[in-house]
Structure formats: C-alpha cells, structure tokens
Amino acid sequence: MSFNSITFCFKFLPLILFIYFFIPNKIKNAYLLVASLIFYAFGSAKDLGIMILLLIYNFFAVNKMNKLNNRYRKLKFLEIIFVNVFLLCYFKYYFLFLDFVTYNKEFSYKKFLLPLGFSFYIFSMLSYVFDVFRKKIPNETNIISFGLYITFFPKLLMGPIVRYEDFKKNIENHPFSSELFHNGFKRFIIGLAMKVMLANTFLTLTSSYQVNSMLGAWIIILAYAFQIYFDFAGYSNMAIGLSNLFGFQIEENFNYPYISKSVSEFWNRWHITLGKWFKDYIYIPLGGNRTSKLKMIRNLMIVWILTGMWHGASYNFIIWGLYFGIIVVLEKTVFKNLLKNVPSFLRIILTFILVSIGWIFFFNNDIEKIMIHLKYAFDFNNKIDTEALFLIKNYYLIFIIGFIGSMPIFDKIGTILYEKHFVLYNILTNIAIILLTILSISYMISGSYTSFLYFNF
Amino acid sequence: MKKNVYVIGWVLFVIFGFFFFTFILTSDKTFSKEENRTLTQKPKFTLTSFINNDYQKEYESYSSDQFTNRSFWMQIKTNTEKFLGVKKINGVYFGKNNMLISESASPSKDFINRRIENILKLKNKYNDKYLELLLIPNKIGIYKNDVDYNVDQEKLYNSFVDSLGNDIVKINTFDILNKHKNEKIFYDTDHHWTSLGAKYISDEFTKSNDKYDIYTSNDKFVGTLANKIAYYKNYDEINLYIPQNDIKLYVEYSDDKNIYTSLYKLDKQFSSSPYDIFLGGNHSTVSIKTSSKNERKLLILKDSYANCFVPFLTSYYSEITLVDPRYYFDDLDKLIKEKEVTDILLLYNMNTFFEDTSFDDLIDNIK
C-alpha cells in the first residue's frame with residue numbers, strides 16, 4: 001500500500017490515527033508495531049514472514065552478542081552481518097548472477113522478487129548492529145521497541161534510514177504535539193502533491209515519447225531529473241509528515257539537491273540518510289580520507305560502486321555508481337583548486353547537468369538504450385523533431401513549476417512573509433494546503449479513471 | 001508576539017475522516033455512466049488471494065472505483081491540466097471552441113502492406129462485384145491546424161490510396177469533408193461523425209441529393225471523448241435524417257431474435273452511449289431488407305461510422321448486410337454467396353481502419 005493510494009489515505013490512515021488518539025499511552029508503541037505490520041502485509045503479504053523472522057533473529061542475536069566477550073563477540077558480530085548481507089545479496093543479486101553465468105545459454109528459471117522494502121530494512125538493521133557492536137549504543141532489550149524501530153510504517157518501505165540512537169528518543173517519548181501534528185499533515189500533503197501531481201506527470205511525459213532528436217533527449221533528461229526528485233523527495237516528505245502525526249521526529253532526507261555547487265555536495269543533499277550510512281559504516285571504517293590519497297580514491301570507488309549496486313540489481317546501476325564515483329574523485333583531486341574560481345551559478349548549472357546525465361544510467365536498464373540516449377543527446381546534426389517541440393508546448397508550464405518546486409524559492413518567500421506579514425502568511429499557506437489537498441485527490445482519482453471507448457467504435 | 005494557530009492539521013484530519021465515512025455510509029455503485037464500465041466491487045478475502053497480493057490490488061481498485069463523485073474529481077484534474085497549458089490528455093486534444101479531438105492512429109509499414117494485400121485479394125476474388133472503399137478521416141485529419149502535433153491523416157490517406165490504386169477508392173472523402181469543415185460534421189464531444197457528415201459522403205456515394213426530415217433525438221449528448229477526460233464544456237445534438245419516401249424496412253440483428261422495422265433503437269436515446277441509437281450499436285451482422293425496387297444487394301464491412309451512414313442507403317438496395325469484422329467469426333465467402341451480394345462497401349473511419357486487425361484476420365480466412 002503506497003502512501004498515495006486511496007486505501008492508505010482515506011481508509012488506513014484516518015482509522016489508524018483515530019484509534020491512536022484514544023488508546024492508553026502504554027500500548028501506543030505496540031499498537032504502532034501492529035499497524036506497521038498490517039501496513040506491510042497490505043503491500044506484500046508473502047514477505048511478512050521473512051521480515052518478522054529476520055527481525056526476531058537480529059533482536060536475539062545482538063542481545064546474545066553483547067553478552068559475549070572479545071573474540072566470541074566479534075565472531076557473533078560477523079555471523080549477524082553475514083546473515084543480513086547474505087540475505088540481501090541473495091534476494092537482490094541472485095538473478096543478476098544467474099543471468100551472468102548463463103549468458104547466451106539456454107537456461108530458464110523462475111524468478112522471485114526482492115521482499116518489499118528489503119534494502120531499507122536491512123540497512124536499518126545493519127546500522128543498529130554496527131552501533132551496538134561499536135558500543136555506541138546499548139542493545140535494546142524490549143522487542144516492541146526494536147520491532148517498531150525496524151518496521152515503523154512511515155519509513156519502512158523507502159526510508160529515511162534512521163539510526164537507532166535517534167529513533168530511541170522517539171520511542172521513549174512521543175507525546176501528541178499540536179505543532180507536530182499540524183506541520184506533519186501539511187508536509188504529508190506537500191509530499192503527496194509532489195508525487196501525484198508532479199512526479200506522475202513527468203512520468204507520463206517520459207513514457208509517452210521515444211527520443212528522436214537532441215532536443216528530445218534533453219527534454220527527457222530534464223524530465224527524469226524532476227520525476228525522480230519529486231517522486232523520492234515527495235515520498236520522504238510524506239514519510240516525515242506521517243511520523244510527525246504520531247509525535248515522531250525523524251531525520252530529513254532531502255535538502256534542495258538541485259542547488260548543489262558540486263556533485264559531492266549533491267550527495268549531501270540527496271537521499272541524505274543513505275549517504276550518511278555509507279559514510280559511517282563503509283567509508284570511515286575503510287579509512288576514509290585520513291590515510292593516503294590513493295586509499296581515499298579506493299575507498300570512494302568502493303562506496304560508489306556499492307551505492308550503485310544498492311539501488312538495483314542490474315548493470316546500469318553499477319555504471320551509474322561508477323559515474324558518480326569518478327566525478328567525486330575528480331572533484332576531490334584534479335579539479336579541487338580549479339573549481340574554487342568558478343562562479344557559483346555556473347557550478348550549480350554544471351552540477352545539475354552532470355547529475356541529470358547520470359539519470360540516463362538510472363532510468364535505462366539496458367546498455368543499448370543508454371548508448372542511444374547519449375548519442376541523441378550530443379547529435380548536433382539532428383537537433384529538433386516536431387514531437388519534441390510539442391512536448392515543450394504541452395509541458396512548459398509544468399517544467400517551470402518543476403523548476404520552482406525543486407528550488408528553495410517558496411521557502412525563502414515563506415520566511416520573509418512569516419517575519420513581516422504573519423497573518424497573511426498563515427492565510428496563504430492554509431489556502432495553499434487545502435488547494436493542494438483537493439488537487440492531489442483529483443490526480444489520485446484520475447489514475448484509475450478509464451472510460452471504455454473501444455466498444456463504441 | 002506571534003502566536004501560531006494550529007488549525008490546518010485538524011481541518012485535514014476532518015477532510016480525510018469525511019472521505020473515510022463516505023466509504024462507510026454510501027452504498028457501492030456497480031456501474032459508472034460517465035466511464036461506461038462496471039466498477040470494481042469489494043473483493044472477497046481469501047488467504048491465497050491475500051498472500052498473492054491479488055486481494056490488495058483488487059481492494060485498491062475497489063477503493064478507487066467507489067470513491068465519491070469520481071467524475072467530479074476527474075473534471076478538476078482535467079481543468080487543472082488544461083489551465084497549466086497541457087494540450088493533450090489521455091490521447092485527447094483540445095481543439096477550437098472546446099472541440100475534443102482524439103489522436104490519430106499511426107500504422108506501421110507492415111500493417112499497411114497487409115491491409116493493401118487483403119483489399120486487393122478481396123478485389124480479385126470478387127471481381128464480378130462492385131467494390132468500393134470509403135475511408136473516413138477523423139476530426140484530427142480535418143481540423144489538423146487546431147492541434148499542435150499529430151500524425152498527418154491527410155498524408156496517410158493519400159499515400160494509402162496511392163499504393164492501393166485508383167479504382168477502389170472512388171471518392172476523396174477528405175476533399176468533401178474539408179469543404180464542409182465549418183458545419184457540424186463531427187460531434188464536439190464524441191469520436192464519431194454526425195449524420196450530416198455521413199450525408200455529405202452518401203450524397204456523393206449514391207450520386208443523389210435526397211430530401212430528409214431531420215429529428216433531434218438528443219440535444220444533451222455527451223460523447224465518449226468528453227467522458228474519457230471528464231471535460232463537459234459542450235453538448236452535442238444527435239440528429240436523425242429520415243428519408244421522405246415510404247421505403248419499408250425489416251431489420252434483423254445477429255444477437256437479437258426480434259425483427260425491427262426501424263434503423264433506430266430509441267431505448268438507447270438517453271443511455272450511457274446515445275450514439276447507439278443508430279442500429280443499436282455494433283453487432284457481428286445486421287441484415288436489412290428494404291422495399292426498394294432496386295435489385296442490388298450490398299454488403300458493408302464496417303466499423304461504427306457506418307451505423308449512421310446506412311439510413312442514407314435504404315432506397316438504393318433491396319438488401320443491406322452489415323458485417324463488423326471485430327465480432328464476426330464466420331465464413332464471409334459463404335455469407336456473400338447466400339446473400340447474393342452484388343456490391344461490397346468497406347466503410348471505416350481512419351482510426352479504426354489503421355488500428356484494428358480483425359479485417360485482415362477475416363480476409364485471411366477466405367480461400
């Protein structure tokens with residue numbers, strides 16, 4: 001059940017929230033845990049078993065680990081890591097591996113799918129295991145608290161990837177707060193609108209057009225950039241907003257990535273919690289940048305290949321990871337001093353272009369398609385086709401809205417209004433939110449609005 | 001001191017709760033007139049369907065289908081997109097004066113070659129009979145300057161006719177309809193042509209200029225295109241052209257035991273598809289016997305554009321047989337012999353003609 005489904009918004013959420021207000025505080029965590037499991041079962045019931053088993057295994061194994069000493073503790077730690085990583089790799093890369101070894105051979109097999117949200121699930125789990133092992137945090141002895149940390153439905157399927165340290169405070173104390181409830185609902189609506197009004201419209205655009213000219217190639221690249229931003233940042237807004245409704249405060253995941261002045265900065269603003277995860281649990285343990293330059297390059301490349309692989313099990317994601325790895329390494333070495341002298345707005349544009357080209361690798365899971373798209377993008381002999389021109393005529397306002405929406409423009413205006421015309425600020429934001437609610441519902445309904453025409457012909 | 005007032009959260013909670021209660025308090029609908037389809041009903045819960053996720057998918061489709069006033073929400077969405085400058089929604093373009101125009105079919109080379117082969121096969125097989133193809137442009141062909149980007153139907157038409165040879169297409173429908181493009185030859189809200197459009201072509205086809213009495217059967221006609229995107233700015237009129245003669249008719253449908261004496265099914269007049277007043281919509285075959293003194297017997301291979309064309313033909317044939325290849329799976333050759341057909345007319349609008357392959361399947365089966 002995705003956040004932008006009718007079932008979630010108008011059945012699950014009102015019901016869960018309504019009951020939540022009336023139950024005693026003592027059972028609120030257990031209640032949320034059950035609600036989260038129901039939420040998960042509504043998304044993918046067949047995976048519920050493995051998720052619960054894994055949760056129980058990790059809970060007891062980590063507690064056991066903490067009772068052991070020295071070598072045994074380390075062995076237990078390695079065992080837990082192995083189980084989690086193995087399962088992740090098995091579910092995620094088994095078929096990629098099979099495809100690879102059976103390349104060009106007659107061989108058929110039945111595919112199973114990665115359990116829903118598994119990558120996020122395992123990464124939350126691993127972060128807890130690492131932190132306990134490093135004695136950064138004590139192990140959790142209450143299985144409800146631990147279970148809620150792992151399965152809390154607002155963040156279960158697509159993050160943000162929260163650390164136990166931060167989440168624990170919420171579990172212990174999450175009283176109802178008018179401010180949080182109010183801001184949370186607002187954020188949920190903003191996220192919903194980003195997803196159903198913008199991301200889905202850009203999706204319609206990208207899937208309606210076959211790249212056929214240089215102009216067309218760049219329109220699609222731009223549309224990709226907006227589509228994925230509004231999709232993922234919208235989702236994160238919904239996740240954070242929903243958490244707030246229950247009095248939980250979780251980490252931000254996006255911070256206007258498209259105003260970054262370098263690709264490294266971009267990754268500090270895009271999917272922030274994933275970047276931090278890789279930094280804390282892979283990059284720094286490998287030595288980070290504290291040893292030699294060569295080792296730093298090695299570490300960066302490892303992190304980026306893993307980041308690519310994490311996003312999906314096909315070659316294009318590895319290329320995508322490598323692409324960013326190489327750019328980040330270049331930024332930190334060869335171009336380090338050169339970039340300092342380039343004006344900010346040029347750096348923003350350059351970063352945006354580099355990142356956008358990256359989305360070609362992300363969206364096309366076929367090397368051939370990637371090459372075709374890149375070929376068109378730099379085909380100066382074939383600049384324009386009429387269909388691409390139509391796309392511009394049809395969608396130029398949507399692109400402008402996409403552009404404004406991905407920059408901190410509304411934030412800036414909001415802050416000024418808040419300071420100078422407080423009443424006006426309140427009236428305007430409330431009207432805007434109600435308007436966005438109505439529009440979002442209409443966009444959600446339109447997704448399933450199909451008039452049968454064929455039989456009338 | 002600035003004091004925040006936390007209202008919006010509760011307002012939203014009430015809005016979400018309101019929709020929650022409309023689900024509980026209103027009874028489920030089974031049919032949507034606007035969407036012309038049956039709506040998903042509450043799925044039955046079984047463990048298997050739940051584990052397979054079938055239940056969940058079905059349940060979301062149920063929630064969405066039973067959401068209150070779907071058409072109203074869709075209208076908001078369409079108007080928002082139009083306001084944002086979107087010129088084509090779900091394959092429907094906005095033309096001048098809110099005329100809705102469906103996008104054109106764009107057939108592949110293979111498709112066209114197969115079609116040409118089959119028409120020539122028909123021509124050779126029945127070279128003792130009169131054969132004519134009337135290929136009717138769609139709105140997008142006639143009003144191409146009103147929309148920004150589309151397949152050029154006129155170009156498609158001309159190149160198709162050129163490769164087919166000149167003796168099968170005898171009337172340039174494009175020229176005729178273009179001459180009358182300022183009249184109501186198409187419905188604004190529907191993908192069909194009007195009886196007036198059909199009359200201009202039939203006058204040329206029958207080489208006559210008969211007089212008709214015009215009756216308006218429905219002056220609040222909302223067609224398929226308006227319903228498809230829930231855009232209700234215009235209404236259309238369905239006009240019936242009744243010939244001023246006393247030809248009697250006996251109409252038989254393949255899927256109806258009754259015999260009718262009229263080409264119109266008045267019970268469809270205000271149904272969810274009012275265009276079905278013409279011959280009651282599409283059937284695998286319709287056979288019309290007339291009291292016309294003319295001996296010729298016509299077979300029409302057709303789509304729904306023919307339904308409002310037939311009324312103009314009744315005094316020129318003693319029998320007219322309509323075959324819709326999309327629903328007809330019998331032996332066409334046998335039918336032609338049984339009915340002693342003298343004339344064959346292929347009557348199609350370009351969108352169906354260049355999209356649907358059932359015509360080819362039918363001809364393929366003729367030995």
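**Exercise 1. Chain A meets chain B**

Find how many residue pairs are in polar contact between chain A and chain B.

*Solution.* Step 1: start with the rule. A polar contact is a pair of N or O atoms within 3.5 Å; within protein, one must be able to donate a hydrogen and the other to accept it, and residues adjacent in sequence count only if both atoms are side-chain atoms.

Step 1: read off the count. Between chain A and chain B there are 10 residue pairs in polar contact, both at pLDDT 80 or more. This is a predicted model, in which local features need pLDDT of at least 70, side-chain atom pairs count only at pLDDT 80 or more, and totals for chains, interfaces and linings use all residues. Residues are numbered from 1 along each chain as its sequence is written, chains are lettered from A and ligands numbered from 1 in the order in which they are written, and side-chain values use heavy atoms, with hydrogens and water left out.

Step 2: see which helices take part. Helices (H or I, at least four residues) and strands (E, at least two) are DSSP runs, numbered from the N terminus. On the side of chain A that touches chain B, helices H1 (6–22), H2 (28–44), H9, H18 (386–405), H19 (409–420) and H20 (422–446) of chain A each supply at least two residues. H20(A) gives the most to that side, with 12 residues.

Step 3: Contact (heavy atoms within 4.5 Å) links 60 residues of chain A with 69 residues of chain B. The buried area (the accessible area, with a 1.4 Å probe, that two parts lose on being put together, summed over both) is about 6,000 Å² between chain A and chain B, and carbon and sulfur atoms give 68% of it.

Step 4: look for salt bridges (a side-chain nitrogen of Lys or Arg within 4 Å of a carboxyl oxygen of Asp or Glu). The rule finds 0 across the interface of chain A and chain B.

**Exercise 2. Domains within chain A**

Describe how domain 2 of chain A touches domain 3 of chain A.

*Solution.* Chain A is divided into domain 1 (6–102 + 109–173), domain 2 (181–404) and domain 3 (408–456).

Step 1: The C-alpha centres of domain 2 and domain 3 of chain A lie 24 Å apart, and 11 residues of domain 2 are in contact with 12 residues of domain 3.

Step 2: describe the interface. Domains 2 and 3 of chain A bury about 1,200 Å² between them, 78% of it on carbon and sulfur atoms. Helix H9 (residues 178–208) of chain A provides the largest share of the domain 2 side, 8 residues. Between these two domains there are 0 salt bridges and 1 residue pair in polar contact.

**Exercise 3. Domains within chain B**

Which residues of domain 1 of chain B lose the most area to domain 2 of chain B?

*Solution.* Step 1: chain B is divided into domain 1 (1–68) and domain 2 (98–364), with 42 Å between their C-alpha centres.

Step 1: in chain B, 4 residues of domain 1 are in contact with 5 residues of domain 2, and the two domains bury about 350 Å², 44% of it on carbon and sulfur atoms.

Step 2: B:Lys33, B:Glu34 and B:Asn36 lose the most area, together 92% of what the domain 1 side buries.

**Exercise 4. A sheet in chain B**

Why is one side of strand S6 and of strand S10 of chain B left without a neighbour in the sheet?

*Solution.* Step 1: write the order. This open sheet of 7 strands in chain B runs S6-S14-S12-S13-S11-S9-S10, with mixed pairing. Two strands pair if DSSP finds at least two bridges between them.

Step 1: find the edges. S6 (130–136) and S10 (256–260) of chain B stand there, each with a single partner strand, so one side of each has no neighbour in the sheet.

Step 2: S9 (residues 249–253) of chain B is joined to S10(B) by 3 bridges and the two run antiparallel; B:Glu252 stands opposite B:Ile259 in S10(B).

Terms used
Domain bounds come from an automatic or database domain assignment.
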